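The following exercises concern the packing of secondary structure elements in one chain. Each task is followed by a solution in steps.

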Amino acid sequence: MVNWRELLEPIAAWFRSLGLPEAITHWGHPLMMAIVVFVMGSFVALAGWRGRLVEDKDAAIKSRSDHRKLAPWLFFFLAAGYTGGVLSLVMQRQPILESPHFLTGSIVLLLLVVNGAISLSGFAGNKAILRTIHAYLGSTAISILFLHALLGFKLATSF
């Protein structure tokens, strides 16, 4: 079994050596991820739903295009933030891979990988059922991200 703390400690020690203020080490991840989740995540989800529901064809096309362009970036920032959050906990010598915050983050990334695969498949020939699954799976991921943020705030204020 991999000891992630032991593996990440040299990287954490290097970041600690930079002398970053404790407030940045402690609150940097939550602040940056709150922006990603609440601003970018909400926009990506809204654009996806607008692309499905809006009556104006041009507006629907623009919304689908916005969703298609930004959703991969959202996943990238969430995956990077996931990694950064674990590293932040190692830097602060806190437990890792144990909290409900870690669990919800892992679930969200898994849901988004599945959702991305559905999209990259071309919805298996543009099947309506896969487009519907994609929409609801993405909405579930965003909803879990909001819970994830609350759990993260609780975690950050516990130490």
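**Exercise 1.** Is the crossing of α4 and α6 left-handed or right-handed?

*Solution.* The model is a predicted one, in which local features need pLDDT of at least 70 and side-chain atom pairs count only at pLDDT 80 or more, while totals for chains, interfaces and linings use all residues. Residues are numbered from 1 along each chain as its sequence is written, and side-chain values use heavy atoms, with hydrogens and water left out.

Step 1. Helices are DSSP runs of H or I with at least four residues, strands are runs of E with at least two, and both are numbered from the N terminus. Helix α4 covers residues 100–120 and helix α6 covers residues 128–156.

Step 2. The angle between α4 and α6 is about 160 degrees, and their axes lie 9 Å apart. Axes are lines fitted to C-alpha atoms, for helices over the stretch in contact, and angles between N-to-C directions run from 0 to 180 degrees.

Step 3. α4 and α6 are therefore roughly antiparallel (under 35 degrees counts as roughly parallel, over 145 as roughly antiparallel, 65 to 115 as roughly perpendicular, the rest as oblique).

Step 4. The crossing of α4 and α6 is left-handed; this term applies if the near helix is turned anticlockwise from the far one by less than a right angle, and right-handed applies if clockwise.

**Exercise 2.** Describe how α2 packs against α3 and against α6.

*Solution.* Step 1. α2 and helix α3 (residues 57–91) meet at about 160 degrees, with 8 Å between their axes. They are therefore roughly antiparallel, and their crossing is left-handed.

Step 2. The contact of α2 with α3 contains 16 nonpolar, eleven polar and three charged residues (Ala, Val, Leu, Ile, Met, Phe, Trp, Tyr, Cys and Pro count as nonpolar, Asp, Glu, Lys and Arg as charged, the others, Gly among them, as polar).

Step 3. For α2 and α6, the angle is about 160 degrees and the axes are 10 Å apart. This crossing of α2 and α6 is left-handed.

**Exercise 3.** Which pattern does the chain follow along the sequence?

*Solution.* Step 1. The chain has six helices and zero strands.

Step 2. The pattern along the sequence is α-α-α-α-α-α.

Step 3. Along the principal axes, the C-alpha atoms fill a box of roughly 55 × 35 × 25 Å.
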